[in-house]
Amino acid sequence: MRTITIVGAGQAGLQLGIGLLQQGYTVNLVSNRTGEQIAAGRVLSSQSMYDMALGFERELGLALWDDICPPTVGVHMRAGNGEGLGVDWRARMQAPGQSVDQRIKMPRWMAEFQRQGGNLIIEEAGLAELVLEQVFSFGIEECQETVEAIYNFPLPGDAAMDKVLVHHG
């Protein structure tokens with residue numbers, strides 16, 4: 001089976017990596033921060049998850065906080081300026097959401113990724129590093145398709161977008 005390398009150990013990268021491991025793939029996950037650094041750092045993005053996203057987490061066995069995290073049952077938004085309130089609305093959600101701080105969630109998922117056999121690589125992953133990883137892992141002939149894809153990367157909507165390989169292995 002192929003080896004897949006994923007760059008980024010956030011919500012999407014970790015779910016994808018764990019899902020691929022569960023399907024029998026060999027998976028490398030590249031992160032520029034350790035779980036400890038994430039846990040000790042500042043919040044970098046929203047942590048609210050809603051029904052569909054929580055369903056994906058449950059399918060992968062990653063809904064580790066269902067029993068202890070209070071549900072989010074509605075949303076309220078207020079925005080304005082010095083002249084008054086411009087927007088003020090609230091609504092109940094069709095299904096409960098959940099908000100778990102990513103400084104708690106991502107380190108646990110990184111540990112779960114490794115427990116399931118994934119290879120967590122802590123390093124920067126710029127374009128040069130990705131190309132070098134391809135060359136040294138597979139040899140220049142085998143990685144030509146990936147190198148060409150990186151340098152001729154199509155824009156979203158291009159027909160060629162469906163053919164781009166992120167990792168050739």
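Helices here are DSSP runs of at least four residues, numbered from the N terminus. The model is predicted. By that count, helix H1 is followed by Gly24, whose phi is positive, near 95°.

Start with the overall plan. The protein has 6 helices and 6 strands. From the N terminus on, the elements run β-α-β-α-β-α-β-β-α-β-α-α. There are 169 residues, and buried ones make up 29% of them. Contacts reach across the sequence. Among those between residues at least 6 apart, 63% join residues at least 24 apart.

Now go back to H1, which covers residues 11-22. Its 12 residues should span 16 Å at 1.5 Å a residue, and its end C-alpha atoms are 17 Å apart, which agrees. Is H1 enclosed or open to the outside? It is largely enclosed by the rest of the structure, because 9 of its 12 residues are buried. The buried residues are Gln11, Gly13, Leu14, Gln15, Gly17, Ile18, Gly19, Leu20 and Leu21. Their cover includes E1, E2, E3, H3 and H4.

H4 has 14 residues. Its first and last C-alpha atoms are 19 Å apart, close to the 20 Å expected at 1.5 Å a residue. Buried in H4 are Gln102, Lys105, Met106, Pro107, Trp109, Met110, Glu112 and Phe113. An α-helix has 3.6 residues a turn, so residues three or four places apart point the same way. The buried residues of H4 pack against H1, E2, H2, E3, H3 and E6. After H4 comes Gly117, and its phi is positive, near 105°.

Next, the nonpolar core. In soluble globular proteins, nonpolar side chains tend to be buried together. The largest nonpolar core here has 20 residues. Ile6, Leu14, Val27, Leu29, Trp109, Met110 and Phe113 touch the most other members. E1, H1, E2 and H4 each supply at least two residues of this core.

Is Val27 buried or exposed? With 1% relative accessibility, Val27 counts as buried, because the cut-off for burial is under 20%. Leaving aside neighbours within four places in sequence, Val27 is in contact with Ile4, Ile6, Gly17, Leu20, Leu21, Phe113, Gly118 and Asn119. Gly17, Leu20 and Leu21 are among the buried residues of H1. Phe113 is one of the buried residues of H4. Val27 and Gln114 are 87 residues apart in sequence, yet their C-alpha atoms are 9.8 Å apart in space.

Then turn to the open space. Rolling a probe the size of a water molecule over the atoms shows where empty space is left. The largest pocket holds about 250 Å³ of space. Its lining has 20 residues, and Ala9, Gly10, Arg33, Ile38 and Leu44 lie nearest its centre. By class, the lining has 8 nonpolar, 7 polar and 5 charged residues. The largest share, 3 residues, comes from H4.

Ile38 sits at the pocket, among the lining residues nearest its centre. Ile38 belongs to helix H2. At 6% relative accessibility, Ile38 counts as buried. Beyond its neighbours within four places in sequence, Ile38 is in contact with Arg33, Gln102, Arg103, Met106, Pro107 and Met110. Arg33 is another of the lining residues nearest the pocket centre. Gln102, Met106, Pro107 and Met110 are among the buried residues of H4. Ile38 and Ile104 are 66 residues apart in sequence and 8.3 Å apart in space, C-alpha to C-alpha.

Leu85 is found in strand E5, residues 84-99. Leu85 counts as partly exposed, because its relative accessibility is 47%. Apart from neighbours within four places in sequence, Leu85 is in contact with Arg78, Ala79 and Gly80.

Note on methods. Residues numbered from 1 in each chain as written. Predicted model: local features only at pLDDT ≥ 70, side-chain atom pairs only at ≥ 80, totals over all residues. Heavy atoms only, no water. 1 Å grid on protein atoms, 1.4 Å probe; cavity = no way out; pocket = protein on both sides within 12 Å on 5 of 7 lines; lining within 4 Å. Points joined across faces, edges and corners; volume = space filled by probe spheres on them. Nonpolar A, V, L, I, M, F, W, Y, C, P; charged D, E, K, R; others polar. Expected span 1.5 Å × (residues − 1). Buried < 20%, exposed > 50% of the residue type's maximum accessible area, 1.4 Å probe, protein only. Contact = heavy atoms within 4.5 Å. Core = buried A, V, L, I, M, F, W, Y, C linked by side-chain atoms within 4.5 Å.
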